[in-house]
Amino acid sequence: MIAEISVFLPGQSHMSPHLAKLLSRLDTLGVEHRLGPAGTAIRGESDQVFHAIRAAHQFFKDISPDLVMNINLIDRKSEHHSLREAIDAVLEHRKEAVHA
């Protein structure tokens, strides 16, 4: 399962310090994760991913009583790609399209 989460904390002008701490927290949970420009992708078994989402939610609730968290889920049993492999596949298709 892959989840992408994005978080907005009203009244917080800079998210970078919080996101750096969240990534360290995700490291301790043993899930694959990758920071993106508008969210953080998390990959693992469904129990692991939901645990990481809950941990991220609690992490941000400890910072601010108000938050907006968007969660997108991809749950495909037919394919098991790492986050890097998923990105590389798109880039390869893009390369093929440019040369076509």
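This is a predicted model: local features need pLDDT of at least 70, side-chain atom pairs count only at pLDDT 80 or more; totals for chains, interfaces and linings use all residues.
Which residues form a nonpolar patch on the surface? The points below take this up, then turn to an aromatic pair and a histidine.

1. The nonpolar surface patch consists of Phe 50, Ile 71 and Leu 73. Together, these residues have about 270 Å² of accessible area.

2. Ile 71, one of the patch residues, sits in strand 4, which covers residues 68-74. Its relative accessible area is 40%. Because buried requires under 20% and exposed requires over 50%, Ile 71 counts as partly exposed.

3. Across the whole structure, a search gives 1 aromatic pair. The partners are Phe 59 and Phe 60, with 5.1 Å centre to centre and 80° between the planes. Because an angle over 60 degrees counts as edge-to-face, this pair is given that label. Phe 59 and Phe 60 are both buried.

4. His 18 belongs to helix 1, made up of residues 16-29. The relative accessible area of His 18 is 15%, so this residue falls under the 20% limit and is classed as buried.

5. What does His 18 touch, once neighbours within four places in sequence are left aside? The contacts are Leu 9, Gln 12, Phe 59, Phe 60 and Ile 63. Among them are Phe 59 and Phe 60, the two members of the edge-to-face pair. With Gln 12, the side chain of His 18 also makes a side-chain to side-chain polar contact of 3.0 Å.

Terms used
Residues are numbered from 1 along each chain as its sequence is written. Side-chain values use heavy atoms; hydrogens and water are left out. Patches are made of residues with over 30% relative accessible area and no salt bridge: like charges are joined within 9 Å, nonpolar side chains (Val, Leu, Ile, Met, Phe, Trp, Tyr) within 5 Å. Accessible areas come from the Shrake-Rupley method with a 1.4 Å probe; for residues, only the protein chains shown count as cover. A salt bridge is a side-chain nitrogen of Lys or Arg within 4 Å of a carboxyl oxygen of Asp or Glu. Helices (H or I, at least four residues) and strands (E, at least two) are DSSP runs, numbered from the N terminus. Buried means under 20% relative accessible area, exposed over 50%, partly exposed in between (1.4 Å probe, protein chains only). Rings of Phe, Tyr and Trp (its six-membered ring) pair if their centres lie within 6.5 Å; planes under 30 degrees apart count as stacked, over 60 as edge-to-face and the rest as tilted. A polar contact is a pair of N or O atoms within 3.5 Å; within protein, one must be able to donate a hydrogen and the other to accept it, and residues adjacent in sequence count only if both atoms are side-chain atoms. Contact means heavy atoms within 4.5 Å.
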